[in-house]
Amino acid sequence: MMIRGIFARLLLSFWAIILVTVIILLLLLSRVYTSFYTTEKEKKLVKAGKEITVMAEKYLEGSIPESQLSNKIQGAAHNYNSEISIFPSKKQKTSQSLKTFTSHLTADYFTKEDIQKVLEGEIVSKITVERGTSLMSVAVPLIKDGQVIGGVSLHSPMYDVTAASTQLRRLSAVVILLAALIATILTYFLAKYVSSPLQKMSQAALMIAKGDFSVKVDVRAKDELGTLARSFNYMAEQLARVEKMRREFIANISHELRTPISFISGVLQGIHDKTIQSREQEKYVSLAIKETDRVSKLINDMLELSRLEHGDIKLELQKVDLQEVVLETLAAKEPEFLKKDLKPELNFTAKPYVLADPNRVKQMIINLLDNAIRFSPTGKTIAIGIEKTYTQATVWIRDYGPGIPEEEQEFIWDRFYKVDKTRKQEEGSSGLGLAITKMLAEVQRGSVGVKSQLGEGSTFYFSLPLWENEN
């Protein structure tokens, strides 16, 4: 229903714009056409008036007879559908000679001020309305021997202007309305083009809301709608992945907690029922304590991860000697290296200082070392290195374990993610170490990464910004 509303609003909006544009164009064209034809008619009447003044001047000089001037006036009146008269100046002696061509029309359509302007040498033009009909009147000064001795007035109804303007307005209206019809059709398809993908996305969103994350929006356009559709599909994929992670997280948590709790409960029940002999109680209690420690570590890691996700963590950012922190962490991990006969191999190409929380940096190194120790075969080497660029320092740790498939490398930073799904969670591991490391790096304006090949081992690393005075 909402999409139909969008479609209707788009269509109505576009059509309203077209309608307003058509009306404005018609009004403008009407004014332009009327102004154009009015100006042309005025020019023609002025031209005719000047031609008559030339003939009148010759008549006054005696060069042509009165009949020739009369014929000229009658011809012009016929050609321009006008009534023509000559009005003399009262101050001139030659006025009596022009009485034959004088009529009341001049006084009917021109005021005394208009006539005075003509007698001063100006051309006067005006439009009046008589009985609903527009009439154009033009007065041209009559000059003899450099002096104005009168004027010629022409009075013509504007039927031709009105007819031409009406015809052109009709033609323009037909053309514009045809263009509006075509634009309306194109607008319909444009509105359909815009609303159809939105309707698909609306339907897909409802399916996603019901838990079906497999839905895809099939929009192949390469414009903003196509980008929106691709973003929507990407969002659906990410939601599906998040939902899968959520289910796996719940399953993993349930499994990780059920196993040790069941074992601890069994030990306590055995001691209570005395099914565990006194000589074996110490062994089972020791195992129960280890399971308790594992549960405690899992819960602590979960709380840590939750605080990081919600930004509820306080950092003590300061100048940190990265090499010193790495060496201290290696010293603390020496017993675990000895237990698997692993040899650390140091590769420090720089001694940088970073802006970070030293305890959090140590925690990140411990997590990466635990991961390397866990997957390194007995008797192998674990390489630890430090590198530096202009803006950041990097700690990398390489093991020579089984490696990680390329298609799974982007997921190993997810909580409880296992490359080998058939493999049980390693002893002492909560499955959250890499996820915590990633978040710790990000809250300290750093980043993490991994490089790995199957059968050749893996290199995990994190980078942190340099101390501001570090060169």
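In this predicted model, strands S8 and S9 run antiparallel and are joined by six bridges. Within that pairing, Glu387 faces Thr394 of S9. The two strands make a hairpin, with three residues between them.

From here the sheet can be followed strand by strand. Thr394 also stands opposite Ser463 in S11, and S9 and S11 are antiparallel partners joined by eight bridges.

| Strands | Direction | Bridges |
|---|---|---|
| S8 and S9 | antiparallel | six |
| S9 and S11 | antiparallel | eight |

Val450 has Phe460 in S11 as its bridge partner. How enclosed is S11 by the rest of the structure? Eight of its nine residues are buried, so S11 is largely enclosed.

Now for the packing. Phe460 and Phe462 are among the residues with the most contacts inside the largest nonpolar core, which has 37 residues; Val361, Ile365, Ile382 and Ile397 are listed with them. Elements giving two or more residues to this core include strands S8, S9, S10 and S11, along with helices H8 (322–332), H10 (358–375) and H11 (433–443). Which element gives the largest share? That is H10, with seven residues. As a general point, nonpolar side chains in soluble globular proteins tend to be buried together.

Beyond its neighbours within four places in sequence, Val361 is in contact with Leu322, Val325, Ala356, Gln444, Phe462 and Leu464. Apart from this core lies another, of 24 residues, among them Ala48, Ile52, Tyr59 and Val138.

Helix H11 has a number of buried residues, including Leu434, Ile436, Met439 and Leu440. After H11 comes Arg445, with a positive phi near 60 degrees.

Leu178, Leu181, Ile182, Ile185, Leu186, Tyr188 and Phe189 make a nonpolar patch of about 700 Å². Leu178 belongs to helix H5, which covers residues 159–209. In an α-helix, residues three or four places apart point the same way, because there are 3.6 residues a turn.

Key. Residues numbered from 1 in each chain as written. Predicted model: local features only at pLDDT ≥ 70, side-chain atom pairs only at ≥ 80, totals over all residues. Heavy atoms only, no water. Patch = residues over 30% accessible without salt bridge, like charges linked within 9 Å, V, L, I, M, F, W, Y side chains within 5 Å. Areas by Shrake-Rupley, 256 points an atom, 1.4 Å probe, with all protein chains shown as cover. Salt bridge = Lys/Arg side-chain N within 4 Å of Asp/Glu carboxyl O. Helix = DSSP H or I, 4+ residues; strand = E, 2+ residues; numbered from the N terminus. Core = buried A, V, L, I, M, F, W, Y, C linked by side-chain atoms within 4.5 Å. Buried < 20%, exposed > 50% of the residue type's maximum accessible area, 1.4 Å probe, protein only. Contact = heavy atoms within 4.5 Å. Pairing = 2+ DSSP bridges.
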